[in-house]
Amino acid sequence: MLVSLKEMLKDAYTNKYAIGAFNCLSLENVVGAISAAEELHSPIIIQLAEVQFPCAPIALMAPLYLNAAKAASVPVAVHLDHGQSIETCIQAMRLGFGSVMYDGASLPFAENVRITREVVRIANAFGVDVEAELGKVGNADSSENKKNPDVYTGVQESLLFIQRTGIDALAIAIGNKHGHYIATPHLNIERLTEIHEACEMPLVLHGGSGTSEEDFKSCIHNGICKINVATAIQLGVTDHIRQYLQSNANPDYIEMKEEIVKATKEVVTYHIRLFESEGRV
């Protein structure tokens with residue numbers, strides 16, 4: 001069933017668990033992800049980031065996402081991840097996405113507030129929920145990020161940002177990074193706790209792939225209600241298909257598609273259990 005992000009995160013916030021938000025770039029990813037959620041009786045978020053549009057055009061993916069969500073036996077939210085402009089957010093709203101994330105984290109605070117507030121104003125007219133980001137979540141494989149460590153999201157600026165924009169969820173930077181980690185990151189759980197206690201709203205963790213199970217649990221028990229998973233799916237599917245090709249002298253295309261579904265389902269199943277959303281519906 002198709003549900004709103006706000007409704008989904010409200011329950012996660014109240015009952016102290018997190019919902020996996022999985023970047024699905026194909027039919028096989030969508031089928032595998034929702035199948036895992038249905039078997040585990042878990043809510044799930046399927047999402048697409050703007051940087052992924054070249055390989056998964058949003059106009060083609062939107063009907064797939066929405067039809068799959070409506071047909072599912074568990075709550076499914078359809079979300080735009082990392083919208084880079086107001087125009088992209090509006091495009092997702094018009095295509096039926098129930099929530100959008102505007103990413104103005106690289107902008108000066110005042111500019112991030114101004115544009116995010118405008119996205120919220122437009123989203124309210126569409127009946128769409130909004131996630132935004134404060135504090136720069138870098139890339140794990142960027143040499144620039146290694147030379148210039150990310151600044152953690154501030155407590156007071158988080159509170160001001162929420163008050164001035166009217167957002168429904170806030171993605172924060174506590175040492176997390178996007179992409180494939182070379183070493184396990186160490187998250188600043190103390191800063192997360194401070195933001196959680198001050199802001200009292202659903203918080204989001206980006207760059208989830210590569211984080212230790214211990215840190216995941218600490219995040220979930222201290223205000224993180226949505227955790228993005230993208231790289232883990234891509235790596236899981238790639239490894240699985242590599243093994244399939246190595247063990248099959250005459251690979252079959254239909255079988256390969258089925259293997260992608262299977263690999264996606266395995267990755268999503270692992271994260272649903274890790275995030276403690278199993279059995280919540």
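Predicted model: local features only at pLDDT ≥ 70, side-chain atom pairs only at ≥ 80, totals over all residues.
1. Now step back into the helix itself. H7 spans residues 155–165, and its buried residues are Val 155, Ser 158, Phe 161, Ile 162 and Thr 165. They sit on the same side of H7, because the arc they cover around the axis is only 125 degrees. Gln 156 and Gln 163 are exposed, and they lie on the face of H7 turned away from its buried side.

2. What covers those buried residues? Among the elements over the buried residues of H7 are two helices, H5 (109–126) and H8 (189–199), together with strands E5 (129–134) and E7 (169–172).

3. The pairing with H8 is worth a look on your screen. The axes of H7 and H8 are 9 Å apart and pack at an angle of about 35 degrees, and the crossing is right-handed. From H7, Val 155, Ser 158, Leu 159 and Ile 162 take part, meeting Arg 191, Glu 194, Ile 195, Ala 198 and Cys 199 of H8. Sorted by type, the residues of this contact are six nonpolar, one polar and two charged.

4. Finally, find His 271 in helix H11, which runs over residues 253–274. Is His 271 buried or exposed? His 271 counts as buried because its relative accessibility is 7%, and the cut-off for buried is under 20%. Beyond its neighbours within four places in sequence, His 271 is in contact with Phe 22, Val 229 and Ala 232.

Terms used
Residues numbered from 1 in each chain as written. Heavy atoms only, no water. Buried < 20%, exposed > 50% of the residue type's maximum accessible area, 1.4 Å probe, protein only. Helix = DSSP H or I, 4+ residues; strand = E, 2+ residues; numbered from the N terminus. Arc of directions from axis to C-beta. Contact = heavy atoms within 4.5 Å. Axes fitted to C-alpha atoms, helices over the stretch in contact; angles between N-to-C directions. Left-handed = near helix turned anticlockwise from the far one by under 90°. Nonpolar A, V, L, I, M, F, W, Y, C, P; charged D, E, K, R; others polar.
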